[in-house]
Amino acid sequence: MSFPKGDTPAIEVDDLTIRYGDHVAVAGLSFRAESGRITALLGPNGAGKTSTVETLEGYRTPTSGKVRVLGLDPRRDHAALVGRIGVMLQSGGVYTGIRPLEMLRLFASYYENPADPVELLDLVGLTDRQRSTWRSLSGGEQQRLSLALALIGRPEVAFLDEPTAGIDPSGRQLIRRVVADLRAEGVAVLLTTHDLDEAEKLADQVVIIDHGRLLADAAPDELMRNADTDEVRFGAPAALDTAALTARLHATVVEVSPGEYRVATAGTPAVVAALTAWLAEHDLPLGDLRVGRQTLEDVFLRLTESAAAADASAAEFSGSPTAGTSGRRSRRSRR
Amino acid sequence: MRAFVTQTRTELMLSLRNGEQLLVSIAIPLLLLVFFSSVEVLPLPDGVDKGVQFLAPGILALAVMSSAMVSLGIGTGFERQYKVLKRLGSTPLGRPRWVAAKIAMVLCLLVIQIVVLVIASLALGWSPGGTPALTPLAVLLGASAFGGLGLLMAGTLRGTLTLALANGLYLVLLLLGGMIIPFDQMPGAIGTFGRVLPSGALSRVLQSCLRDGAPAAGSAWIVLAFWAVLAPAAAARFFRWE
């Protein structure tokens, strides 16, 4: 197996724009993903994740901009590239009447040096489902077979589109374990997800996009560390008396969503003690408590919310709903 | 080569495993052959005294239509709907090998059908005549015409719509194609229309290949060749992989 040498990244997206008619799915997106690393492409539904991945897989032609996988053009060099990449579609992709091992053996015949279908079946935990056809597998089992099919050709780059969407927890754990092993083998993994917890646990690099534009591109640790940490977040019953609590803590308390609270102060032990004491006095349960470090979800919500707010204010100032691009551009260059 | 062989074997296995496809490609032709040869209620062409003499070539034409158009079309239509074709697009299989495997699968199905139907016809007292040496050419042209129509539907319509249309077309082409009801028993306009259909052309050609005293089929060969080129060309032009 040969890996790209020197500074050729496994995946390179350079000022990618994809339009479907009037709809702009991806607008000037740039990022890189390296071999031996898991890169999560994160964003809400309709953010442009699948469009981006499908362009890298060679299914779509960019409206403008450039994409490279292993230094190759996914469309022009399609034939040279397909043997070196593995693809997991969001759904489907398998003959409905086929059994797992038959499908793996079929795909194995396409590649020069495939993985062993029996071992791979075992790896994704489907050995005891050998007699079932695809249509009788559960959603999670179908996802696991799709993952195995993405890996049968021993790919250098694996594209996994929402690999754990709609899967039970044990299936999700299994998929995460397999994906983590790929990193150890030096594979470049690009996975799309809107599961922030998954990106936080699994990814070495998180690329956050919304409305087809880049909002952040960094390691999850870095994103969370750099985020504003002067706050305490906690979960408790909805509709607490935030005014009373604000007075007690000498810091503003806001209910950001029902049952989710934010206190605008550094999370010192004294503040935490005062908070828990107040809850105890009112005989209220404490759901969770986060101090100092934000979760990726906090970062993500702040980024997507502030992007939406910037769009709204830009539109307000210019009087035109299409004039949000200047705000976007400045935010993009900020990273 | 390994990929082509495995692809063909898998496609064939999946179609033989599929009950509906077996029904349409083997059971229905066999049932029609046996029933109408034994219970002679259908009109026969002038000069034919035994049903199986006329039905055997007609049912072979039907068999070609059922595997090349109905089985192939419906199977491929659902493969497209369930994104199998999309997924194959990012493997090294490649479209030429995929198409070659589909053709090989249909040819294998045809061999199975022909063996079953010929044995059944002979058991029913069929004595083939005509110019049998041209039969393979007729079958191949027919498979090309019907395969093209099947793939045209599969590549442009939703899976369920392909299913409905392929089955509907099957019935119309069967009734108007001179396969079980002879052209000389149809009113003029319907007969003329039937003769320019691919099913009509194939059944006339196969009658002339396999039955002594069948009308000469010069024009039917031309019509059949026309469909055999036009339908796959249209499929190649309009097929959408996603």
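The model is a predicted one. In chain B, helix H3 packs against H6 at an angle of about 25 degrees and against H9 at about 140 degrees, while H9 in turn crosses H10 at roughly 135 degrees. Chain A contains twelve helices and 13 strands, and 21 of its residues are in contact with 20 residues of chain B.

- Helix H6(B) covers residues 135-156, a run of 22 residues. The distance from its first C-alpha to its last is 32 Å, close to the 32 Å expected at 1.5 Å a residue.
- Most of H6(B) is covered, with 17 of its 22 residues buried.
- Helix H3(B), residues 51-81, packs against H6(B) with the two axes 8 Å apart and an angle of about 25 degrees between them. Because angles under 35 degrees count as roughly parallel, H3(B) and H6(B) are described as roughly parallel to each other.
- The crossing of these two helices, H3(B) and H6(B), is right-handed.
- On the H3(B) side, the contact is made by Ala61(B), Val64(B), Met65(B), Ala68(B), Met69(B), Val70(B), Leu72(B), Gly73(B), Thr76(B), Gly77(B) and Arg80(B). H6(B) contributes Val139(B), Gly142(B), Ala143(B), Phe146(B), Gly147(B), Leu149(B), Gly150(B), Leu151(B), Met153(B), Ala154(B) and Gly155(B).
- By class, the contact of H3(B) with H6(B) comprises 14 nonpolar, seven polar and one charged residues.

**Packing of H3 against H9 in chain B**

- The axes of H3(B) and H9(B) are 8 Å apart, and the helices pack at an angle of about 140 degrees. H3(B) and H9(B) are therefore oblique to each other.
- H3(B) passes H9(B) in a right-handed crossing.
- From H3(B), the residues in this contact are Ala56(B), Pro57(B), Gly58(B), Leu60(B), Ala61(B), Val64(B) and Met65(B). From H9(B), they are Ser199(B), Leu202(B), Ser203(B), Leu206(B), Gln207(B) and Leu210(B).
- Nine nonpolar and four polar residues make up the contact of H3(B) with H9(B), with no charged residues.
- Ala61(B), Val64(B) and Met65(B) of H3(B) take part in the contact with H9(B) and also in the contact with H6(B).

**Packing of H9 against H10 in chain B**

- Helix H9(B), residues 198-210, and helix H10(B), residues 218-238, have axes that come within 8 Å and cross at roughly 135 degrees. This angle makes H9(B) oblique to H10(B).
- The crossing in which H9(B) passes H10(B) is left-handed.
- Pro198(B), Ala201(B), Leu202(B), Arg204(B) and Val205(B) of H9(B) meet Ala220(B), Trp221(B), Val223(B), Leu224(B) and Trp227(B) of H10(B).
- The contact of H9(B) with H10(B) has nine nonpolar residues, one charged residue and no polar ones.
- Leu202(B) of H9(B) belongs to the contact with H10(B) and to the contact with H3(B).
- Phe226(B) is also located in H10(B). Phe226(B) counts as partly exposed because it has 15 C-beta neighbours inside 10 Å. Its C-alpha atom is separated by 13 Å from that of Arg195(B), 31 residues apart along the chain.

**Chain A and its contact with chain B**

- Of the 335 residues of chain A, 41% count as buried. Among contacts in chain A with a separation of 6 or more, 69% are between residues 24 or more positions apart.
- Contact between the chains involves 21 residues of chain A and 20 residues of chain B. Strand S5 (85-88) and helix H3 (100-108) of chain A are the elements that give two or more residues to the chain A side.
- H3(A) gives the most to that side, with three residues.
- By class, the side of chain A that touches chain B has twelve nonpolar, seven polar and two charged residues.

**Two strand residues of chain A**

- Val157(A) lies in strand S6(A), residues 157-161, and counts as buried because it has 22 C-beta neighbours inside 10 Å.
- Beyond its neighbours within four places in sequence, Val157(A) is in contact with Ala10(A), Ile11(A), Val69(A), Leu70(A), Arg84(A), Ile85(A), Val187(A) and Ala188(A).
- Gly28(A) is placed in strand S2(A), residues 23-33, and counts as partly exposed, with 18 C-beta neighbours inside 10 Å.
- Not counting residues up to four places away in sequence, Gly28(A) touches Asp15(A), Thr17(A) and Arg213(A). The C-alpha atoms of Gly28(A) and Leu214(A) are separated by 8.2 Å, although these residues are 186 residues apart along the chain.

Definitions and conventions: Residues are numbered from 1 along each chain as its sequence is written. Chains are lettered from A and ligands numbered from 1 in the order in which they are written. This is a predicted model: local features need pLDDT of at least 70, side-chain atom pairs count only at pLDDT 80 or more; totals for chains, interfaces and linings use all residues. Helices (H or I, at least four residues) and strands (E, at least two) are DSSP runs, numbered from the N terminus. The expected span of a helix is 1.5 Å times one less than its number of residues. A residue is buried if 20 or more other C-beta atoms lie within 10 Å of its own, exposed if 12 or fewer, and partly exposed in between; C-beta atoms are placed from the backbone. Axes are lines fitted to C-alpha atoms, for helices over the stretch in contact, and angles run from 0 to 180 degrees between N-to-C directions. Angles under 35 degrees count as roughly parallel, over 145 as roughly antiparallel, 65 to 115 as roughly perpendicular and the rest as oblique. A crossing is left-handed if the near helix is turned anticlockwise from the far one by less than a right angle, and right-handed if clockwise. Two residues are in contact if their C-beta atoms, placed from the backbone, lie within 7 Å. Ala, Val, Leu, Ile, Met, Phe, Trp, Tyr, Cys and Pro count as nonpolar, Asp, Glu, Lys and Arg as charged, and the others, Gly among them, as polar.
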